[in-house]
Amino acid sequence: MSHYDTKRWWPHESRFEIVVGAILVQRTRWENVEKVIEAMRSRGVLTPSAISTLDVLELERMVRPTGFFRQKSRRIQRLAHHIHLYHKGDVTCFLKRPYQELASDLERMDGIGPETRDAILLYAAGHPVMIADTYAIRLCDRLGLLDPVTPHAIKNHLMQHLPTTPQTCRRAHAAIVEHCKKRCCAVPRCSGCPLLDMCEHGATK
DNA sequence: CTCCGGGTAG
DNA sequence: CTACCCGGAG
């Protein structure tokens, strides 16, 4: 798990790219996100100001491979417009504010729920936050770690048991995603799983 | 063909 | 709970 690093986990060339990617990746495979990001890059629109003035139909065409293209394109454009309007189009300016201020700012945005908010807080803004995504929820559920498996409970649980630096949060998140992709997927591959002896789901199979 | 993926809003 | 939506795997 120590060979994970942010660049590898969330490849990017700018902070804005992380923010856009966080919305694009919702219910979507990362490979499709990369295609869209690459299309945007070659079109030269990977800045808040460029996105906010872009024809929404053109944005839709680029976003299409990640699904939910009408929603996502508009949500990205609104976010870009917000940064363009209130932060001079400077993403760093938008991100480099006190945790609470940024968090509640993100929560007001259309298309940014708890998970996307936390992903942006961790990967783009560098705040130490654990991300309770589908993977973490499924894993905790099967392990039988928490009685009510809620995102909030998972977040607290993880942050209680790990030193909460941005680095450890990223590595923990990466490790959970990797494990769930390889083993604890929708149709789990329990045989040979390193967590089998501590897993309720595996024990009953 | 069906199912699934680093969710969110109503 | 459903709608939003595409691309890939099986």
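**A loop residue and its surroundings**

Asp110 sits in the loop that runs between helix 8 (99-108) and helix 9 (114-124); helices here are DSSP runs of H or I with at least four residues, numbered from the N terminus. The model is a predicted one, in which local features need pLDDT of at least 70 and side-chain atom pairs count only at pLDDT 80 or more, while totals for chains, interfaces and linings use all residues. Residues are numbered from 1 along each chain as its sequence is written, chains are lettered from A and ligands numbered from 1 in the order in which they are written, and side-chain values use heavy atoms, with hydrogens and water left out.

Asp110 has a relative accessible area of 37% and is therefore partly exposed, the class between buried (under 20%) and exposed (over 50%), computed with a 1.4 Å probe on protein chains only. Beyond its neighbours within four places in sequence, Asp110 is in contact (heavy atoms within 4.5 Å) with Arg75 and Arg78. With Arg78, the side chain of Asp110 forms a polar contact of 3.3 Å; the term denotes N or O atoms within 3.5 Å, where within protein one must be able to donate a hydrogen and the other to accept it, and residues adjacent in sequence count only through side-chain atoms on both sides. Lys72 is 38 residues from Asp110 along the chain, and their C-alpha atoms are 9.7 Å apart.

His87, between helix 6 and helix 7 (91-95), is buried because its relative accessible area is 8%. Residues up to four places away aside, His87 touches His82, Cys93, Phe94, Arg97 and Asp105.

Around DNA strand C lie Arg29, Asn32, Lys35, Arg64, Pro65, Gly67, Phe68, Phe69, Arg70 and Gln71, where near means a heavy atom within 4 Å. By class, the surface has three nonpolar, three polar and four charged residues; Ala, Val, Leu, Ile, Met, Phe, Trp, Tyr, Cys and Pro count as nonpolar, Asp, Glu, Lys and Arg as charged, and the others, Gly among them, as polar.

A side-chain N or O atom of Lys35 is 3.4 Å from a phosphate oxygen of DNA strand C, and a polar backbone atom of Gln71 is 3.1 Å from a phosphate oxygen.

Conventions: Helices (H or I, at least four residues) and strands (E, at least two) are DSSP runs, numbered from the N terminus.
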